[in-house]
Amino acid sequence: MKEQYELYTGDSFEILKNFADETFDMIFVDPPYMISGGGTSCQNGHLVSIDKGKWDKSGGIDADFDFHKRWLSECQRLLKPNGTIWVSGTYHSLYPCGFAMMQLKYHILNDIIWFKPNASPNISCRYFTASHESLIWARKNKKGRHNFNYKAMKEGDFPKDFIKKPNLQMRSVWAINATPPEEKKFGRHPTQKPLALLERIITASTSEGDLILDPFMGSGTAGVAAVKQGRRFIGIDNCAEYVELARRRIEDCRRLL
């Protein structure tokens, strides 16, 4: 890999076939939640449709599970022996992903709760306000020896996370605001993750120069965080508009370094 990052447009499964076994040090995946189908949600205090696109439509419980198990299997092939994977999602996607990971004999290290202090309210007033997402951190099997930058997590400066106490071990609940407007200046993606979240993930589990993969890249937040911290990055998305958005964000980050 000559460049610090490479972006690909197309079907992830087809593109991933071109990479050799044990290529990546870390993989971050925010897979489709499979929830687009006429429902509604709250965004900035307004009722909005949750039809994100064809890529987010469910094919049914069995088909959705097969999809998750298929990409998880491919990621397992691509991880280095000591590599780890982070899977992000809500209950719509994370439960089947966790079950598939157990079937594939991944070794789960942690489940992380990403608490959003500025989460949108529940307009219907019929449910608890959804104010968190979850992440599974795992290595490809029990035999590996994963990278964990314990000191950076314990002694690092996280002033906006009121849960993290100075010089104490970082807990598995992280308080990070939802994506701020300034991170959407080049365009919007319906499931864009905040840069602070990806910076913490990459700092915790990789070293400078490591190669990171995001097979469902979206707006490219993982790529921005990777480049900002001196890692290498490969991102894939089937939407050319989002690939260009990711490229613009990453190039803007490189310009500011």
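Trp137 counts as buried, at 4% relative accessibility. Buried means under 20% relative accessible area, exposed over 50% and partly exposed in between, with a 1.4 Å probe and protein chains only. The model is predicted: local features need pLDDT of at least 70, side-chain atom pairs count only at pLDDT 80 or more, and totals for chains, interfaces and linings use all residues. Residues are numbered from 1 along each chain as its sequence is written, and side-chain values use heavy atoms, leaving out hydrogens and water.

**Ring pairs**

The structure holds eleven aromatic pairs. Rings of Phe, Tyr and Trp (its six-membered ring) pair if their centres lie within 6.5 Å; planes under 30 degrees apart count as stacked, over 60 as edge-to-face and the rest as tilted. Two of the pairs are tabulated here.

| Pair | Type | Centre to centre | Between planes |
|---|---|---|---|
| Trp71 and Phe216 | edge-to-face | 5.9 Å | 80° |
| Trp86 and Trp137 | stacked | 5.1 Å | 15° |

Trp86 lies in strand 5 (residues 79-89) and Trp137 in strand 7 (residues 132-139), so their pair ties together parts 51 residues apart in sequence. Helices (H or I, at least four residues) and strands (E, at least two) are DSSP runs, numbered from the N terminus. Trp86 is buried, with a relative accessible area of 2%. Trp71 and Phe216 are buried too.

Ring pairs link Trp86, Trp137, Phe148, Tyr150 and Trp174 into a cluster.

**Helix 5**

Eight of the eleven residues of helix 5 (residues 195-205) are buried, so this helix is largely enclosed by the rest of the structure. Arg200 is among them.
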